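Please read them with the structure open.

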Amino acid sequence: MTRLRSKASARREGFTLVELLVVIVIIGLLASVVVTNYDKIFPQARRTKVISDLKGIETAIEVFKTSNQGRLPQTLDQLIEKDSNGLAYLKNYDTIPRDPWDHEYFYIPSPNGMAYELGSFGADGSQGGDGEGEDIDLKSMNKKK
């Protein structure tokens, strides 16, 4: 009788081939859902990071402008240099942040020093483009509001 029970319990241990196949199919379905959504989620996350960075840099530029009698910085590097009080305009950064594609943000002050362009050239790192290569700048952000 003990021998019969041990054989019966031995057969019940582990998984059958059908159970393993069902688990593999479920994992495959979940993986396909994640992969298809990956292409949608991460471009939007990168765009959101760019917008957040640009708003922070824009704020630092405006504080610089207020502190310097309406004069804009010539370069973004001036925002991380400490002023006479030992404070930097772009706080919590030792260097100017880079966009999610590891490119520098572009900053172009106007010749009259009254306006500026600030943005990212996107994934391709060059002006123009579509999709992830699309330029993201303050003007286009403000138009979409």
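1. What share of the contacts in the protein chain with a separation of 6 or more comes from residues 24 or more positions apart? The share is 42%. Keep in mind that this is a predicted model.

2. Overall make-up. The protein chain has three helices and three strands. Along the sequence they follow the pattern α-α-β-β-β-α. The chain has 145 residues, and 25% of them count as buried. Its accessible surface is about 10500 Å². Carbon and sulfur atoms hold 58% of that surface.

3. The sheet. The three strands make an open sheet in the order E1-E2-E3, with antiparallel pairing. E1 and E3 are the edge strands, as each pairs on one side only. As a reminder, strands of a sheet pair through backbone hydrogen bonds, either parallel or antiparallel.

4. Pairing within the sheet. How many bridges join E1 to E2? There are four, and the two strands run antiparallel. Tyr107 has Leu118 in E2 as its bridge partner. E2 and E3 pair over two bridges, again in the antiparallel sense. Here Ser120 stands opposite Ile136 in E3.

5. The hairpin. E1 and E2 form a hairpin with six residues between the strands. Look at Gly113 in this hairpin: its phi is positive, near 75°.

6. Aromatic pairs. A search of the whole structure turns up three. One of them joins Phe64 and Tyr89. Their geometry is edge-to-face, with 5.0 Å centre to centre and 70° between the planes. This pair links distant parts of the chain, 25 residues apart. Phe64 belongs to helix H2 (residues 17-67). Tyr89 sits in the loop between H2 and strand E1 (106-109).

7. Burial of that pair. Are Phe64 and Tyr89 buried or exposed? Phe64 has a relative accessible area of 4%, so it is buried. Tyr89 comes to 16% and therefore also counts as buried, because the cut-off is under 20%.

8. A second aromatic pair. Phe106 and Phe121 are stacked, with 4.5 Å centre to centre and 25° between the planes. Phe106 lies in strand E1. Phe121 lies in the loop between strand E2 (116-120) and strand E3 (136-137). The pair therefore ties together parts that are 15 residues apart in sequence.

9. Phe106 is buried, at 11% relative accessible area. Phe121 has 23% and is partly exposed.

10. A nonpolar surface patch. Which residues form it? They are Phe15, Leu17, Leu20, Leu21 and Ile24. Together they have about 570 Å² of accessible area. Leu21 is found in helix H2. Its relative accessibility is 46%, so Leu21 counts as partly exposed.

11. Points to check on screen. Start with the edge-to-face rings of Phe64 and Tyr89. Then turn to the stacked rings of Phe106 and Phe121. Trace the sheet in the order E1-E2-E3, and stop at Gly113 in the hairpin of E1 and E2. Finish at the nonpolar patch, with Leu21 among its residues.

Technical notes. Residues numbered from 1 in each chain as written. Predicted model: local features only at pLDDT ≥ 70, side-chain atom pairs only at ≥ 80, totals over all residues. Heavy atoms only, no water. Phe/Tyr/Trp six-rings, centres within 6.5 Å; stacked < 30°, edge-to-face > 60°. Buried < 20%, exposed > 50% of the residue type's maximum accessible area, 1.4 Å probe, protein only. Patch = residues over 30% accessible without salt bridge, like charges linked within 9 Å, V, L, I, M, F, W, Y side chains within 5 Å. Areas by Shrake-Rupley, 256 points an atom, 1.4 Å probe, with all protein chains shown as cover. Salt bridge = Lys/Arg side-chain N within 4 Å of Asp/Glu carboxyl O. Pairing = 2+ DSSP bridges. Contact = heavy atoms within 4.5 Å.
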